Amino acid sequence: MQQLSAQDASFVYMETPHTPMHIGSVGIYDPSTAPDGFVRFKDVLRFIEQRLPGARSFRQRLVRVPFDVDHPYWIEDPEFDIEFHVRHIALPKPGDWRQLCIQVARLHARPMDLTKPLWEFTVVEGLDNIPGLPPGCFALVSKVHHAAIDGMSGVEMSAAVHDLDASMKTPDKPDDWSPENMPRVADLLTRSYFNNLLQPMRIAETIGRSLPGMAKLAVQAGKGDVSLKNSRPAPKTRLNGKVSAHRVWDAVPFKLAEVRAIKEAVADATVNDVILAVVGGALRTYLKDKGELPKETLTAMAPISVRQEGEKAALGNLVSAMVVGLGTQIEDPLERLRFVHDDAVNSKAMTNAVGAKTLADYSKLIPSGLAGLGARLYTRVGAANMHAPAFNCVVTNVPGSRVPLYFCGARMVAMYGTAPVFDSMGLINTVYSYGDTIAVSFTADRDMMPDPDSYADALRSSFAALKVAALKPAAPKKEANENKPARKAPAKPKPAPKRAAKGAK
């Protein structure tokens, strides 16, 4: 039995019927590389079952303490049933991209059963009419609760069900898993009592570690090395209010080589800066078309992984965050990229001054009972509509594989991401790279963004405009021909002699 961290538990407390807190992915596969050229559902079940030992999250379920007086625990589920977690559906003909987007949004909007291991895989067949994909492809839509994994540990979980070739070789790792008995309520309350006795010491430790960083930040701000402008609330938009129970989803892929070429237009810019600038341009277009573009810049929260090398297989979330301006007030795409880069550098300096891991530990300062109660009250009273948002959206980057991956012998041809939205933040952009492609997938509240195709088009046009501005060839300089003598400037005409006056000799 293992207790959740304060940060992981916060995702459990934030869960409501209309704000499910799971993340996931949408992988698309070509079954022509599989044995016999197709994949049956029973093959999928057997394949996943063989790889359950590769990730602990597969067979661990949540046990909550009565009244949430302490953070929940993970136990090995004594009632684990793989057929509950792996499902199978098919798109009706013609099986186009829009149908897939609608189905992904519906699957993602459905809350998970918190009394079971917190993951679901849904095989979606019938992808027969999507440009760029061979007919007969299928998708694997995954859902994993945010309390169990973050983006980085999710990659580790994905690796458990993917191979580097189509051989479908059975893993050599033995399956020594064994279930646990459900803990008694009295045992959970006893543990909670002793944990709460230690809470003041944890608070003192976290505050003690943060004081030197706060002092460093104050000194840097006083010298002008760091600006505190990112600490201001963000402007309120249609994307920042109480969310509904319905979602929209779409994804736009870009060539990774072109993104890397664009970043060279601004000194020291990164791939993340380029994507943030593209999102900023898309939001500018989307909101301007509706007559709702604020004068000041919109901001995005960008998660930062603080996971150490030895913590890659650990459960849960090890993330901090920084807030970056998206330059939505700037029309010129290249100037927007410069703005985003400078703002990201400033935000990173602020985060580094305090310490990303220390910031992540601030969640420990709130007692578990108050955290759960506060999250529920925030939703029920609609508090998201009563204040300015801390940020307008989320842009999270998940690094993927550079080499082809295979599921049940079928080659992965595309990979996209899904993520949760919640009250005061109705749009999240998941950036996922795979092979030579980097894709911006977005999940949004359906009431806030009823036209996801418009935002998808805005992403495409924003990228195209930035590409033209960044890769525009410089005007050739005029150079003098050294072999040709310089042409002399024409001599000024001499002034005409003055006419002699009458009578002069």
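Student: How far can the model be trusted, and what is its average pLDDT?

Tutor: Where pLDDT is low, the predicted coordinates should not be read in detail. Here the protein has an average pLDDT of 83, and 75% of the residues reach at least 70. Residues 355-360 stay under 50, and the model gives that stretch 15 contacts beyond four places in sequence. Residues 497-505 are also below 50, with zero contacts in the model beyond near neighbours in sequence.

Student: Now the sheets. In what order do the strands of the six-stranded open sheet lie?

Tutor: Strands of a sheet pair through backbone hydrogen bonds, either parallel or antiparallel. In this open sheet the order is β5-β6-β7-β2-β13-β12, and the pairing is mixed. β5 (86-90) and β12 (406-407) are at the edges with a single partner strand each, so one side of each has no neighbour in the sheet.

Student: In what sense do β2 and β7 pair, and over how many bridges?

Tutor: Strand β2 (residues 22-30) pairs with strand β7 (residues 137-145) in the antiparallel sense, over eight bridges.

Student: Which strands does helix α2 lie across?

Tutor: Helix α2 (residues 41-50) lies across β5, β6 (119-127) and β12. Its direction makes an angle of about 155 degrees with that of β5.

Student: What is the strand order in the open sheet of three strands?

Tutor: That sheet has the order β1-β4-β3, with antiparallel pairing. Its edge strands are β1 (2-3) and β3, each of which pairs on one side only. β3 and β4 run antiparallel and are joined by four bridges. In this pair, V63 stands opposite Y73 in β4.

Student: How should I read two packed helices, and at what angle do α7 and α12 cross?

Tutor: Two packed helices are described by the angle between their axes and the distance between the axes. For helix α7 (residues 256-263) and helix α12 (residues 452-471), the axes come within 9 Å and cross at roughly 50 degrees. The two helices are therefore oblique to each other. Their crossing is left-handed. On the α7 side the contact is made by E258, V259, A261 and I262, and on the α12 side by F463, L466, K467, A470 and L471. By class, these residues are seven nonpolar, no polar and two charged.

Student: Helix α8 also packs on α12. How far apart are their axes?

Tutor: The axes of helix α8 (residues 271-289) and α12 are 8 Å apart, at an angle of about 125 degrees. This pair is therefore oblique as well. The crossing of α8 and α12 is right-handed. V274, A277, V278, V279, G281, A282, L283, T285 and Y286 in α8 meet S454, Y455, A458, L459, S462, F463 and L466 in α12. The contact divides into twelve nonpolar, four polar and no charged residues. F463 and L466 of α12 take part in the contacts with both α7 and α8.

Student: Last, the backbone. Which two residues does a cis peptide bond join?

Tutor: Most residues other than glycine have a negative phi, and most peptide bonds are trans. In this model the bond between K93 and P94 is cis, with omega of about 15 degrees. P94 sits in the loop between β5 and α4 (97-109).

Student: And what is the phi of F67?

Tutor: F67 has a positive phi of about 60 degrees, although it is not a glycine. F67 belongs to the loop between β3 (60-63) and β4 (73-76).

Technical notes: Residues numbered from 1 in each chain as written. Predicted model: local features only at pLDDT ≥ 70, side-chain atom pairs only at ≥ 80, totals over all residues. Heavy atoms only, no water. Pairing = 2+ DSSP bridges. Contact = heavy atoms within 4.5 Å. Axes fitted to C-alpha atoms, helices over the stretch in contact; angles between N-to-C directions. Parallel < 35°, antiparallel > 145°, perpendicular 65-115°, else oblique. Left-handed = near helix turned anticlockwise from the far one by under 90°. Nonpolar A, V, L, I, M, F, W, Y, C, P; charged D, E, K, R; others polar. pLDDT = per-residue confidence, 0-100.
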